[in-house]
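Student: I have a structure open and would like to go through it. Can you take my questions as they come?

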Amino acid sequence: ARAAEEAKAAEEAAWRAEQEARAAEAAEAVRAEEEEAAAAATELAEAEAALLLQGAARGVQARNEATRRRAQKARDDAERRMKSAKARLAAQQAAIAAGRTAGRATTDARSAPATDP
């Protein structure tokens, strides 16, 4: 009877050892999965950060492009205003010159000796 009890105790000890080994294997598998999940989360965070940086860079590029377009429009507008001002100045100078010519003609006509036909 004693031998049967010892055999049964040894069998239970073997069963417990097997269960503990299985539990250790399961715990190791869980740890490995957690490490893989952490690595995947890190990779995802890095990819998201890269996308955010890329988006920010595109935003800066878009703002720079918008600024460049506004600056070009301002230059074009200033050039148009300058051409218009030059044209007005030329017209005023022509009017002044025509006025002087007309004034001289009037003065010359007044100072010319009168002639009888």
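Tutor: Start with E34, which lies in helix α1, residues 2–111. Keep in mind that this is a predicted model.

Student: What radius of gyration does the chain have, and what would a compact globule of 117 residues have?

Tutor: The chain has 50 Å, whereas a compact globule of 117 residues would have a value near 13 Å. Along the principal axes, the C-alpha atoms fill a box of roughly 170 × 15 × 10 Å.

Student: And what share of the residues counts as buried?

Tutor: Of the 117 residues, 2% count as buried. The chain exposes about 10200 Å², and carbon and sulfur atoms supply 58% of that area.

Student: Switching to charge. How many positive and negative side chains are there?

Tutor: There are 20 positive and 21 negative side chains. The centres of the two sets lie 29 Å apart.

Student: Back to E34, then. Which residues gather with E34 in a patch of negative charge?

Tutor: E33, E35 and E36 gather with E34 in that patch on the surface.

Student: OK, salt bridges. How many does the count come to?

Tutor: The count comes to seven salt bridges. One of them joins the side chains of E28 and R31, at 2.9 Å from N to O.

Student: Where do E28 and R31 lie in the helix?

Tutor: Both lie in helix α1, three residues apart, which is about one turn of the helix.

Student: Why does E28 count as partly exposed?

Tutor: Because its relative accessibility is 43%, and partly exposed covers the range between under 20% for buried and over 50% for exposed. R31 also counts as partly exposed, at 43%.

Student: What does R69 pair with?

Tutor: R69 forms a salt bridge with E65, with the closest N and O atoms 3.7 Å apart. R69 and E65 are four residues apart in helix α1, about one turn. R69 is partly exposed at 47%, and E65 is partly exposed at 32%.

Student: And D77, what is its partner?

Tutor: D77 forms a salt bridge with K73, and their closest N and O atoms are 3.0 Å apart. D77 and K73 are separated by about one helical turn because they are four residues apart in helix α1. K73 is exposed, with a relative accessible area of 52%.

Conventions:
Residues are numbered from 1 along each chain as its sequence is written. This is a predicted model: local features need pLDDT of at least 70, side-chain atom pairs count only at pLDDT 80 or more; totals for chains, interfaces and linings use all residues. Side-chain values use heavy atoms; hydrogens and water are left out. Patches are made of residues with over 30% relative accessible area and no salt bridge: like charges are joined within 9 Å, nonpolar side chains (Val, Leu, Ile, Met, Phe, Trp, Tyr) within 5 Å. Accessible areas come from the Shrake-Rupley method with a 1.4 Å probe; for residues, only the protein chains shown count as cover. A salt bridge is a side-chain nitrogen of Lys or Arg within 4 Å of a carboxyl oxygen of Asp or Glu. Lys and Arg count as positive and Asp and Glu as negative; His and the chain ends are not counted. The place of a charge is taken as NZ of Lys, CZ of Arg, CG of Asp or CD of Glu. Helices (H or I, at least four residues) and strands (E, at least two) are DSSP runs, numbered from the N terminus. Buried means under 20% relative accessible area, exposed over 50%, partly exposed in between (1.4 Å probe, protein chains only). The radius of gyration is taken over C-alpha atoms; the globule rule is 2.2 Å times the number of residues to the power 0.38.
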